[in-house]
Amino acid sequence: VPGIGFKTAQGRYFLNPPAVLADLDAVPPPAQELIDHNFYRRGKSPSAVVTAGRGCPVGCSYCSIGCASWCGFRLKSGSRVLDEIRRAVIDGARFIDFEDENISFRKKWFLDVLHEIESQFRGYGLELRAMNGLFPPSLDEEVICAMKRAGFTALNLSLCTTTLSQLRRFRRPDVRESFERALFHADRNGLDAVAYIIVGAPGQDPMESVADLIYLADKNAIVGVSVFYPSPGSIDFEKCKASGLLPGALSQWRSTALPISDTTSRQDSVTLLRLGRILNFFKSLGSAEREEVLAFARAPSEKTVPARLTEAEGPGGPQTHFARRRAMGKTLITIFLRDAVIYGASPDGRLFRHKVSDCLCLEFKNRLVKLFS
């Protein structure tokens with residue numbers, strides 16, 4: 001059977017060559033009715049995944065299905081995509097995620113699909129996302145406005161990195177201009193934004209990843225830190241294999257295993273993930289709250305850290321769980337902006353120090369404080 005992988009009793013892996021289908025409409029539609037939507041929900045709404053095509057016309061080095069791969073770039077017809085959405089909606093789904101690699105690349109096709117979604121599903125209250133990432137150069141004001149009308153609530157944007165030398169290694173263009181333009185039109189249309197960067201790739205300097213975080217610090221977007229993983233069939237996979245960087249077990253090649261330790265160590269990758277979370281919390285603070293924590297960080301003070309964070313009480317008694325967590329977060333980020341040390345808190349409020357890269361923390365802290373001074 002083409003494309004089927006299996007392992008023998010002796011532990012050897014086999015993968016049959018894949019078959020490439022020219023006409024994606026020839027494949028039967030997914031059996032949405034077999035999905036138990038109780039396991040796949042967005043808030044109170046059942047969700048569904050729709051894939052409008054296969055492959056991608058861009059040839060990024062870390063991706064195994066770009067233009068240079070076996071897969072090629074193919075799209076289903078607009079009517080077929082709408083049929084799959086209709087089946088999901090009839091089955092109760094109200095949150096639809098397009099998991100395509102590059103759904104917006106062909107502008108006319110994408111606009112036609114968006115206009116039909118707007119027309120055919122008006123009143124259903126659909127929430128649409130493309131959480132696998134959107135290519136900023138493919139987005140302009142017309143496209144973003146059409147996405148908003150169709151039901152998109154956010155733009156998930158693939159920034160990758162801002163470092164030109166690393167972009168050349170990734171075989172990616174510098175998309176900062178189109179990225180910032182997309183953020184502008186997203187803000188005008190009331191859309192949230194998420195910006196994805198890649199960290200931990202072979203040969204990637206972790207200080208350059210810190211620079212990526214600082215670039216996003218004053219942008220109206222949530223930061224998504226994606227740890228590099230070696231995707232079989234990609235250019236970077238072969239580099240990792242040739243350099244002896246691949247972990248021994250297939251199960252350790254995934255992003256959540258922090259698989260590659262090269263110029264960015266695994267501890268560096270963990271640190272960058274934590275710094276991304278710190279930055280998102282900092283960006284969530286109001287201007288007065290930001291100034292409060294920054295003022296504390298700038299002021300000379302005794303470098304004491306409390307052993308425990310106590311639950312504060314508000315005017316009406318104990319704070320809500322969310323308010324307590326936010327108050328604890330403000331305390332922890334204040335300590336970080338002063339000392340460049342990342343602490344965590346146990347459920348009973350006891351503080352503990354996270355194991356991180358001190359030099360990355362110090363660089364990020366200094367540049368963030370300077371940016372907002």
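**View 1. Helices α2 and α3 pack with their axes 8 Å apart.** In this predicted model, helix α2 covers residues 107-120 and helix α3 covers residues 141-150, and the two pack at an angle of about 25°. Angles under 35 degrees count as roughly parallel, so α2 is roughly parallel to α3. Their crossing is left-handed. Look along α2 for Lys-107, Phe-110, Leu-111, Leu-114, His-115, Ile-117 and Glu-118; on the α3 side they meet Glu-142, Val-143, Ala-146, Met-147, Arg-149 and Ala-150. Sort the residues of this contact by class and you get 8 nonpolar, 1 polar and 4 charged.

**View 2. Helices α8 and α11 come within 10 Å of each other, axis to axis.** Here α8 crosses helix α11 (residues 358-371) at roughly 25°. That angle makes α8 roughly parallel to α11. The crossing of this pair is right-handed. From α8, the residues in the contact are Asp-268, Thr-271, Leu-272, Leu-275, Ile-278, Leu-279 and Phe-282, and from α11 they are Leu-360, Cys-361, Phe-364 and Leu-368. What classes do the residues of the contact of α8 with α11 divide into? There are 9 nonpolar residues, plus 1 polar and 1 charged.

**View 3. The largest pocket holds about 1,100 Å³ of space.** To find its centre, look for Phe-281, Arg-325, Met-328, Gly-329 and Leu-332, which are the closest to it of the 31 lining residues. Helix α8 (266-284) turns up again here: along with α10 (321-339) and β14 (343-345), it gives two or more residues to the lining. Which element gives the largest share of that lining? It's α10, with 10 residues.

View 4. Of the elements, β10 supplies the largest share, 3 residues. As for class, the lining of the second largest pocket has 16 nonpolar residues, 8 polar ones and 2 charged ones.

Technical notes. Residues numbered from 1 in each chain as written. Predicted model: local features only at pLDDT ≥ 70, side-chain atom pairs only at ≥ 80, totals over all residues. Heavy atoms only, no water. 1 Å grid on protein atoms, 1.4 Å probe; cavity = no way out; pocket = protein on both sides within 12 Å on 5 of 7 lines; lining within 4 Å. Points joined across faces, edges and corners; volume = space filled by probe spheres on them. Helix = DSSP H or I, 4+ residues; strand = E, 2+ residues; numbered from the N terminus. Nonpolar A, V, L, I, M, F, W, Y, C, P; charged D, E, K, R; others polar. Axes fitted to C-alpha atoms, helices over the stretch in contact; angles between N-to-C directions. Parallel < 35°, antiparallel > 145°, perpendicular 65-115°, else oblique. Left-handed = near helix turned anticlockwise from the far one by under 90°. Contact = heavy atoms within 4.5 Å.
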